[in-house]
Amino acid sequence: MVHGDSITEGWWSTRPAHGWPAVAGRALGFDTVNLGYAGAARGELATAEQLAALPADVLTLAFGTNCWSRVPFTAPLLYETTRVFLDLVRQGHPRTPLLLLSPVLRPDAERTPNRLGATLGALRDAMERAVRDRIAAGDGRLALLPGRDVLGPEHLADGLHPNDAGHQVLGLAVVTALRRAGFDGG
């Protein structure tokens, strides 16, 4: 099961089968359930509760990009949101393998402060720190894929959403991260 924003939903891929969740699922032999939703995925706690209640063999969470713009976050807010989101998901999935993908490259936001003064780079760092802190506290079924260097500008169709090549690269990066963590079912 994959949760995320428009990037996860597959915007700018030419077919649903080209979106990164489908690419990763095929490579791993998983029947992927894509819960990507454009404009959302800002760590909404109601979503975490819903994910906790749904069956899943492996979870991938990919959110945070939208925390830079429409509903702006600060870095401390995203740290706490990520921490609490993971706590809620773990209530329903205490041992389910879980990969968190932090926001991928977004050139216009990397060093540009949002309305609350946070750059996407600072938000990404806060999210990754929350995951690393949870892993250090003993969550051995949690892994992190830092998103910043997964894609280059050539992989972005519109400066935000991956093109088909970008979705392919992103999907295979998720596969590699899941395999490294031993979450590939094999």
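Q: Which residues does Tyr-79 touch, not counting residues up to four places away in sequence?
A: In this predicted model, Tyr-79 touches Ala-126, Arg-129, Ala-130 and Asp-133, with residues up to four places away in sequence left out of the count.

Q: With which side chain does the side chain of Tyr-79 make a polar contact?
A: The partner is the side chain of Asp-133, and the polar contact has a distance of 2.6 Å.

Q: And where is Tyr-79 found?
A: Tyr-79 belongs to helix α4, which covers residues 75-92.

Q: Does Tyr-79 count as buried or exposed, and why?
A: Tyr-79 counts as buried because its relative accessibility is 14%, and buried means under 20%.

Q: What separates the C-alpha atoms of Tyr-79 and Trp-12?
A: The two C-alpha atoms are separated by 29 Å, and the residues lie 67 residues apart along the chain.

Q: Changing topic, how much space lies in the largest pocket?
A: The largest pocket holds about 280 Å³ of space.

Q: Which of the residues that line the largest pocket are the closest to its centre?
A: The lining has 18 residues, and Met-1, Phe-30, Asp-31, Thr-32 and Val-58 are the closest to the centre.

Q: Which elements give two or more residues to that lining?
A: These elements are α2 (20-28) and α6 (164-180). The most comes from α2, which gives five residues.

Q: How do the residues of the lining divide into nonpolar, polar and charged?
A: The lining of the largest pocket has 13 nonpolar residues, three polar and two charged.

Key: Residues numbered from 1 in each chain as written. Predicted model: local features only at pLDDT ≥ 70, side-chain atom pairs only at ≥ 80, totals over all residues. Heavy atoms only, no water. 1 Å grid on protein atoms, 1.4 Å probe; cavity = no way out; pocket = protein on both sides within 12 Å on 5 of 7 lines; lining within 4 Å. Points joined across faces, edges and corners; volume = space filled by probe spheres on them. Helix = DSSP H or I, 4+ residues; strand = E, 2+ residues; numbered from the N terminus. Nonpolar A, V, L, I, M, F, W, Y, C, P; charged D, E, K, R; others polar. Buried < 20%, exposed > 50% of the residue type's maximum accessible area, 1.4 Å probe, protein only. Contact = heavy atoms within 4.5 Å. Polar contact = N/O pair within 3.5 Å; in protein donor to acceptor, adjacent residues only side chain to side chain.
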